[in-house]
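Q: I am new to this structure. Can you walk me through its features, one at a time?

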Amino acid sequence: MYKPKISEITKLRKSTNSGIKDCKKAMIESNGNFEKAIDWLRKKGVADATSFKKTNEGFVICKINKKKTIGVLLKISCETDFVTKNSTFLKMAKIIANNAIFCKSKDEFLLFQIKKNLSVKEMINHHINNIIKEQIKLISFERIQSEFVGYYVHHSNKIGSIVGFYKKIKKIKEIKEIKEIKEIKGIEAISKEIAMQIVATNPIGLEKKEIPRDVIKREKNIIINNLLFKNKSINLIKKIIIGKLNKFFNENVLLDQNLITDKKIYIKKFIKNLKISSYKRIS
């Protein structure tokens with residue numbers, strides 16, 4: 001029989017908000033497989049549909065260009081939280097972020113010359129060896145280019161998102177008269193609201209068609225498993241499955257979500273004459 005470590009049980013408990021005994025049993029039943037342990041807990045009804053979402057520690061910083069058409073979101077890891085509050089580290093992070101908009105990938109960015117004979121990678125290594133003397137890594141680099149890019153980074157700098165927008169093509173006089181997307185009234189507030197939504201809810205797709213089939217199949221199997229041995233008609237079971245899948249989409253598909261600041265409004269309605277081109281989230 002598999003004997004789970006305390007660290008494994010703690011990790012599972014943090015991810016699912018389940019009890020210690022349930023987490024221990026789940027790890028035993030799944031033979032130490034974390035994902036299967038989550039499924040086991042969900043099938044038992046003691047973990048919710050957001051349990052598969054993973055989170056990490058780190059320092060998140062964002063940079064948007066002046067035209068607000070390019071946004072870059074970075075995650076820099078270090079050994080302690082103390083370092084993320086260090087003024088030297090913060091200065092380095094800001095310099096790095098300011099140069100990130102000139103690059104399209106993490107590999108390109110690490111080789112980017114901040115100044116003569118000093119690349120981003122060399123600057124990080126310099127701080128590791130001579131100043132901060134703690135392991136520092138650029139572990140995430142996300143970039144969006146669109147007609148308009150908005151962002152939100154939580155004040156803790158542990159989590160953030162960027163989101164790209166473009167105009168819907170409609171035969172509306174007002175929209176035709178707008179030359180640039182940034183002239184749309186309230187776009188700054190709308191983009192921040194959506195970026196905050198992404199940070200808060202961690203959607204797994206912009207639209208339903210983006211959700212992988214195996215994710216939907218997995219969700220459906222869990223729903224069916226929870227309905228086993230319940231005295232219900234086939235037609236009622238089919239309706240329950242459809243209803244629960246729709247709830248899953250409502251919680252995990254960005255455009256199908258209700259606005260966190262006003263549950264009566266759907267995201268697709270809130271963004272009005274805009275369309276979301278893409279989004280990125282780092283935590």
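A: Start with Phe59, which is buried because its relative accessibility is 5%. Buried means under 20% relative accessible area, exposed means over 50%, and partly exposed lies in between, with a 1.4 Å probe and protein chains only. The model is predicted: local features need pLDDT of at least 70, side-chain atom pairs count only at pLDDT 80 or more, and totals for chains, interfaces and linings use all residues. Residues are numbered from 1 along each chain as its sequence is written, and side-chain values use heavy atoms, leaving out hydrogens and water.

Q: How many aromatic pairs are found in the whole structure?

A: A pair of aromatic rings is described by the distance of the centres and the angle of the planes. Rings of Phe, Tyr and Trp (its six-membered ring) pair if their centres lie within 6.5 Å; planes under 30 degrees apart are stacked, over 60 edge-to-face, and the rest tilted. A search of the whole structure gives four such pairs. One of them joins Phe59 and Phe89, edge-to-face, with 5.3 Å between centres and 85 degrees between planes. Phe59 sits in strand S1 and Phe89 in helix H5, 30 residues apart. Helices (H or I, at least four residues) and strands (E, at least two) are DSSP runs, numbered from the N terminus.

Q: Is Phe89 buried or exposed?

A: Phe89 is buried, because its relative accessible area is 0%.

Q: What kind of aromatic pair do Phe109 and Phe141 form?

A: The pair of Phe109 and Phe141 is tilted, at 5.5 Å centre to centre and 40 degrees between the planes. Phe109 belongs to helix H6 (residues 106-111) and Phe141 to strand S5, so the pair ties together parts 32 residues apart in sequence. Phe109 is buried, at 0% relative accessible area. Phe141 is buried too, at 11%.

Q: In what order do S1, S2 and S5 form a sheet?

A: Strands of a sheet pair through backbone hydrogen bonds, either parallel or antiparallel. Here two strands pair if DSSP finds at least two bridges between them. The three strands form an open antiparallel sheet in the order S1-S2-S5. Strand S1 (59-64) and strand S5 (136-145) are the edges, each pairing on one side only. Neighbouring strands are turned by 15 degrees against each other on average, direction ignored. Axes are lines fitted to C-alpha atoms, for helices over the stretch in contact, and angles run from 0 to 180 degrees between N-to-C directions. S1 and S2 run antiparallel, joined by six bridges. Ile64 stands opposite Gly71 in S2.

Q: Which helix lies across S1, S2 and S5?

A: Helix H5 (residues 87-100) does, running at about 40 degrees to S1.

Q: Where is Ser77, and what is it in contact with?

A: Ser77 is in strand S2 (residues 70-78). Ser77 counts as buried because its relative accessibility is 18%. Contact means heavy atoms within 4.5 Å. Leaving aside neighbours within four places in sequence, Ser77 is in contact with Gln135, Ile136, Lys137 and Ile139.
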